[in-house]
Amino acid sequence: MDMTIDPRLVPARPDLAAAHLKGSVAAERFTEGRSLTVAAPVLDMTSTPDRDAGLSNQLLMGERFLAYEEDAEAGLAWGQAEADGYVGYVSLAGLEADAPEPDMHVTVLSTYIYPEPNMKTRPLEALPMLARVATVGHEAGFVALASGGYCPAQHLAPIGPLAGDFVGVAEQMLGRPYLWGGRSAEGVDCSGFVQLALAAVGRMILRDADLQQSAGVELNEPLARGDLVFWDGHVGIMQDDETLLHANAHHMAVASEPLADAEARILKAEFGPILSRRRLLP
């Protein structure tokens, strides 16, 4: 009998599934897949093999993607993000095989890769917070990247937690644009915002708001800084006992506002009443 399949988390289609699912799901064939490294600063993911489809997720440079299908003609790979298990389609051009292991990551909201260790040269591209890079040395206040180019040394650090307070990380993102399916400091949706802030302190949770409700324990006491508040399809972070931080379509940005104001507005909209208040365990 087939297991219950959530296509966001289970790499299984009628024609193809991950080898470890054999005996649990029905598929025409099974494959072990191939682990590839994200080479683009931000790699968009969709739930269907349609280049015009809306975003379902994003991967950051240096993260790993387990590709179960690589379609060179379509230029797409179908598989699963190794960080949080999210399944979807990404561009093959944004993946790399046999890439060197990243040893540093971006600690600021955004930085640049320069062609030379000189801030006056035109940047090659921008990297978002938590993008991972392999480095090969230092020169004149810059870090040389194995892939080519240089990043300001003060914007990189060895991979590890950026801070101890994920709410502090979330506060740094105030005003960043709302982007459905976004999961980088360049643009986030509500659950991507929560996931990114927690990832910055070394904690990975699932991608979507309904899935994130499994994190922590239901509150039977007043809200406090760091608690998560859930609606049907929406989530926010308590900045303090009365103030909510959330990426939302009303402001089209990451905003801070009284929870009471957000609750009243959201009650009138499609998300309805608050469903859950949860506190993350240490």
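Is D227 buried or exposed, and at what relative accessibility? At 1% relative accessibility, D227 counts as buried, the term meaning under 20% relative accessible area, with exposed meaning over 50% and partly exposed in between (1.4 Å probe, protein chains only). The model is predicted, so that local features need pLDDT of at least 70 and side-chain atom pairs count only at pLDDT 80 or more, whereas totals for chains, interfaces and linings use all residues. Residues are numbered from 1 along each chain as its sequence is written, and side-chain values use heavy atoms, with hydrogens and water left out.

**View 1. The open sheet of 6 strands.** The strands follow the order β20-β25-β21-β22-β23-β24 with antiparallel pairing, where strands are DSSP runs of E with at least two residues and helices are runs of H or I with at least four, numbered from the N terminus, and two strands pair if DSSP finds at least two bridges between them. The edges are β20 (217-218) and β24 (253-258), each of which pairs on one side only. Within the sheet, β21 (residues 228-231) and β25 (residues 276-279) are joined in the antiparallel sense over 3 bridges, and V229 has R277 in β25 as its bridge partner.

**View 2. Helices lying across the sheet.** Helix α2 (residues 190-199) lies across β21, β22 (234-238), β23 (243-248) and β24, and runs at about 40° to β22. Helix α4 (residues 259-268) lies across β21, β22, β23, β24 and β25, running at about 110° to β24. Contact means heavy atoms within 4.5 Å; axes are lines fitted to C-alpha atoms, for helices over the stretch in contact, and angles run from 0 to 180 degrees between N-to-C directions.

View 3. R279 forms a salt bridge with D227, the closest N and O atoms being 2.7 Å apart, under the criterion of a Lys or Arg side-chain nitrogen within 4 Å of an Asp or Glu carboxyl oxygen. Because R279 lies in strand β25 and D227 in the loop between β20 and β21, the pair ties together parts that are 52 residues apart in sequence. R279 is partly exposed at 22% relative accessibility. A salt bridge also joins the side chains of E218 and R278 (3.3 Å, N to O), linking strand β20 with strand β25 across 60 residues.

**View 4. The salt bridge between E63 and R183.** The closest N and O atoms of E63 and R183 are 2.8 Å apart. E63 is buried, with a relative accessible area of 12%, and R183 is buried at 3% relative accessibility.
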